[in-house]
Number of protein chains: 2
Amino acid sequence: MDQKKTPLFTKLYEHYQSSPHSFHVPGHKNGRVFLEEARSIYDNILQIDQTEISGLDDLHDAKGIIDEAQQLAAHLYDVLETNFLVGGSTVGNLAMMMTVADRGDRVFVQRNSHQSVFHGLELGGVKPVFLEPEWDNATGLALGVSRETLERAVAAYGDAKAVFLTHPTYEGYGQDLRDIIRVAHEAELCVCVDEAHGAHLIFDDGNGLWPQSSLKAGADIVVQSAHKMLPAMTMASFLHINSEKVDRVKVKNYLRMLQSSSPSYPLMASLDIARAYLGAMEKKDWDRITEKGNIWRAGLESGLSWRQSPRVIGNYVQDPLKLTFVTDEPGAAKEWKERLEEIGAFPELVSPHHLLLTLPLAADKMDEDRWIPLLNKILRLKKQQVSRQDDTMQRIERISELTYCYEEMKYLPVTSLNWEKTEGYVSAETITPYPPGIPLLLKGEKVKRHHLYTMKKLVQDGASFQTGTDWIKEGLTIFLEKGNDL
Amino acid sequence: MDQKKTPLFTKLYEHYQSSPHSFHVPGHKNGRVFLEEARSIYDNILQIDQTEISGLDDLHDAKGIIDEAQQLAAHLYDVLETNFLVGGSTVGNLAMMMTVADRGDRVFVQRNSHQSVFHGLELGGVKPVFLEPEWDNATGLALGVSRETLERAVAAYGDAKAVFLTHPTYEGYGQDLRDIIRVAHEAELCVCVDEAHGAHLIFDDGNGLWPQSSLKAGADIVVQSAHKMLPAMTMASFLHINSEKVDRVKVKNYLRMLQSSSPSYPLMASLDIARAYLGAMEKKDWDRITEKGNIWRAGLESGLSWRQSPRVIGNYVQDPLKLTFVTDEPGAAKEWKERLEEIGAFPELVSPHHLLLTLPLAADKMDEDRWIPLLNKILRLKKQQVSRQDDTMQRIERISELTYCYEEMKYLPVTSLNWEKTEGYVSAETITPYPPGIPLLLKGEKVKRHHLYTMKKLVQDGASFQTGTDWIKEGLTIFLEKGNDL
């Protein structure tokens with residue numbers, strides 16, 4: 001198939017060029033009705049912000065240009081079927097969960113998954129067994145689930161239906177998943193991968209310079225944020241079906257339920273565009289990007305109180321487009337971020353102990369000469385060095401369950417308590433620092449010292465949280481039950 | 001509050017003007033990385049296709065510009081709280097259902113609701129009692145639920161938690177909901193309204209020229225597609241909370257679960273823009289639009305085989321921005337549509353017996369001089385007149401239930417059968433012609449003659465359906481159970 005073609009975008013563009021008159025929604029009428037002050041930004045995109053009129057197909061019953069665009073994507077990723085998502089990888093993770101697990105089924109879930117995976121558990125009434133990822137002590141970064149952990153889980157829970165993995169991590173670390181997937185398939189598990197950060201990882205000449213795509217490793221169903229590392233609009237994602245194990249009718253049914261019945265054409269067309277962009281890349285483009293990534297990595301020299309996370313940690317290799325700076329100095333990462341923003345450079349993520357930058361998937365847009373010297377200056381902020389208090393690492397069971405199932409939790413009495421005093425209680429809410437959107441403490445999980453330690457660091461650092469309550473000021477909601485009396 | 005302000009859009013614009021450098025997602029890096037052929041359309045919008053970096057707030061934890069934009073909307077609509085939706089009214093209807101009804105709860109549902117309301121029932125495991133709307137015999141159009149139907153339902157089912165209404169209809173017909181809402185509130189029902197087609201209906205000087213907003217009538221929670229009748233981007237909607245009856249924390253929790261954790265800024269800012277557009281409208285603007293609507297209505301004279309649906313049907317008044325042409329001639333509506341498209345005019349909806357056009361919310365964009373003569377020509381296509389076969393109208397119970405509950409349906413054996421022979425069987429799939437996206441036959445509903453009659457008309461007419469299977473060619477999936485043997 002000709003990966004240079006963009007059937008969906010091209011048809012939208014042709015429709016616009018025919019100067020059509022809209023007697024249909026949306027109300028902006030191809031941009032004719034709009035707030036004057038916003039025209040300069042919106043005018044062009046509104047020309048293709050269409051609805052399901054003649055010739056423009058229907059995402060939920062694709063037979064024309066959307067079908068063609070999805071098939072081109074499936075061809076590029078070498079999968080059975082690609083579904084375009086307009087609700088982000090969030091909606092993909094929800095649909096994936098509901099497809100592979102019915103109410104009451106058991107599944108294995110990587111504990112540092114994105115919150116949408118946990119939301120899928122809750123909406124679907126699924127029983128999770130959590131698999132703790134490996135951690136790198138030197139950087140404090142979470143990595144992936146080890147084969148050993150999965151083997152132990154399989155031995156302990158013979159009735160699980162699926163395993164949910166995240167690959168690569170937010171910081172771009174990925175392992176060779178083939179061994180793990182073999183273990184999973186031997187146990188008749190469906191392998192579901194949240195590859196939000198890995199939509200670009202299809203180039204692989206076996207040189208180990210890039211993490212490998214989970215699709216090549218044989219995952220059954222994979223969700224990718226095309227907007228994260230590819231040039232698609234935010235909220236545009238792929239859901240790939242990579243094996244006959246997956247019930248495709250069920251996937252489509254859930255996507256129809258969870259996604260808008262008026263999906264955004266600019267978002268869908270941006271998937272067509274991002275796929276064509278990726279499809280047009282050749283080996284020499286990848287080589288140049290890898291080389292530029294190395295120039296960035298080499299150009300940023302570790303300082304007294306900070307270091308760059310290494311390209312390789314154990315079995316894991318980092319995406320050359322991700323740069324992670326780790327520090328033990330309280331407040332340093334936040335200060336880097338502020339200093340970067342002062343000079344107009346906006347980072348992806350700051351946590352109490354690290355800062356993450358993402359580079360463009362375009363060698364000629366890397367701007368290393370401009371930014372590396374500035375970054376080196378900022379990262380070398382001199383501060384008093386403080387030793388790391390690693391009671392965080394006196395951690396965590398490798399395999400764990402929730403104290404209650406989701407249905408039960410709806411009816412249990414709750415109260416709230418100063419969060420610093422909740423050790424040993426079962427939390428009735430999920431605490432999710434954002435970004436990265438990975439829940440720190442789950443609804444139904446017993447509060448441990450390591451939770452409180454991390455919560456304290458994040459609160460001190462002024463991190464953002466997505467929760468329904470103001471738990472910092474008004475107390476954490478906990479379940480009031482036996483062994484948990486106040 | 002100053003409704004001319006657009007805090008969200010303005011801040012995004014200012015960020016763009018500061019020429020920021022992106023070390024973050026999305027991968028297009030403020031538009032620097034993109035497919036060349038698509039730049040002319042996307043370049044400007046990508047400047048504001050941002051993520052949750054400093055100063056840009058977070059939809060799921062709104063405290064800054066998004067909060068301010070939502071408050072301006074709440075002020076304009078005179079509600080307790082407005083939530084911006086990036087997943088369309090679909091996600092609003094799902095969240096509304098899950099908020100007001102727990103698993104196993106009973107709710108009343110208008111039978112001609114949008115499919116997303118039925119999806120909410122299924123995802124939430126809620127038990128529906130369907131309320132048949134009133135029908136207009138002269139035009140064959142569905143209208144709203146009558147007060148009498150709700151009273152009968154309340155008398156029959158004392159345990160229902162909520163009632164889901166659609167107002168106005170796709171064709172823009174709305175009734176005065178105050179009486180119905182009074183009945184509902186006396187029965188302690190939470191009143192939930194899918195007002196997808198009515199985001200603009202806040203102007204009301206009591207002259208009865210426009211349908212009244214359900215918010216003014218006292219509905220508790222209301223979802224509106226800002227993209228349908230207001231100038232917002234497709235998939236951008238509002239969820240308004242209009243009474244203390246609604247658990248706002250629960251709403252936010254479900255929205256966080258169902259919506260992308262990377263919500264689209266262009267979509268959110270388009271809500272800010274659409275609200276400012278509406279907020280800037282004055283009485284004289286509404287008067288001019290009403291007047292122009294009347295010019296359209298009056299200018300289109302009924303012909304031999306077609307008529308315009310009237311401005312007033314019983315208690316219902318039609319939105320002046322909607323034009324409905326009804327016909328008894330088989331194939332006529334489809335032919336009108338094709339003839340319109342040949343001259344570059346794209347209608348909103350065609351069904352076997354009617355065509356719907358929507359006009360812009362801007363008096364100076366109505367183009368009546370250009371289009372009315374052309375429309376009159378097209379609508380007067382001469383054809384042999386055929387009398388209407390109205391066994392459709394030998395209808396339908398006013399109040400009905402599903403044969404099985406959703407959880408039960410997951411485990412019942414199914415088979416497929418030539419759809420024309422399924423009368424009396426219970427359907428195992430939902431058949432939804434799109435547009436309008438209102439299910440004709442529901443999963444769990446017994447197939448009646450009127451279903452088959454309408455299905456046949458739609459199939460003959462080449463209508464589009466959103467289903468998981470190819471039921472037309474491969475048979476309709478039905479449940480195999482007692483009294484249903486093949």
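Are B:W306 and B:W336 buried or exposed?

Modeller: Both B:W306 and B:W336 are buried. Buried means under 20% relative accessible area, exposed over 50%, and partly exposed in between, with a 1.4 Å probe and protein chains only. The model is predicted: local features need pLDDT of at least 70, side-chain atom pairs count only at pLDDT 80 or more, while totals for chains, interfaces and linings use all residues, and side-chain values use heavy atoms, leaving out hydrogens and water. Residues are numbered from 1 along each chain as its sequence is written, with chains lettered from A and ligands numbered from 1 in the order in which they are written.

Now the rings. A pair of aromatic rings is described by the distance of the centres and the angle of the planes. Rings of Phe, Tyr and Trp (its six-membered ring) pair if their centres lie within 6.5 Å; planes under 30 degrees apart are stacked, over 60 edge-to-face, and the rest tilted. Over all chains, the structure holds 34 aromatic pairs. One of them joins B:W210 and B:W286, edge-to-face, at 5.0 Å centre to centre and 85° between the planes. B:W210 sits in the loop between β9 (190-194) and α8 (214-217) of chain B, and B:W286 in helix α12 (residues 283-299), so the pair ties together parts 76 residues apart in sequence. Both B:W210 and B:W286 are buried. Your pair, B:W306 and B:W336, is edge-to-face too: 6.3 Å centre to centre, with 80° between the planes. Here B:W306 belongs to strand β12 (residues 306-308) of chain B and B:W336 to helix α13 (residues 332-342), so this pair links distant parts of the chain, 30 residues apart. Helices (H or I, at least four residues) and strands (E, at least two) are DSSP runs, numbered from the N terminus.

Aromatic contact also crosses between chains: A:F9, A:Y13, A:Y16, B:F34 and B:Y42 form one cluster. Some rings meet a charge instead. The charged end of B:R111 sits over the ring of B:F130, 6.0 Å from its centre. In chain A, A:R111 lies over the face of A:F130, at 6.0 Å from the ring centre. The rule is NZ of Lys or CZ of Arg within 6 Å of the ring centre and within 35 degrees of the ring normal.

Salt bridges come next. Each is a side-chain nitrogen of Lys or Arg within 4 Å of a carboxyl oxygen of Asp or Glu. In chain B, B:R275 and B:D272 meet at 2.9 Å, N to O. They lie three residues apart in helix α11 (residues 265-279), about one turn of the helix. Both B:R275 and B:D272 are buried. In chain A, bridges that share partners join A:R147, A:E148, A:E151, A:D179, A:R182 and A:E186 into one network. Chain B has a bridge between B:D179 and B:R182, at 3.7 Å, N to O. These two are three residues apart in helix α7 (residues 178-186) of chain B, which means about one helical turn between them. B:D179 is partly exposed at 38%, and B:R182 is partly exposed at 41%. B:D61 and B:K63 form another bridge, at 3.6 Å, N to O. B:D61 is buried, at 16%, whereas B:K63 is exposed, at 66%.
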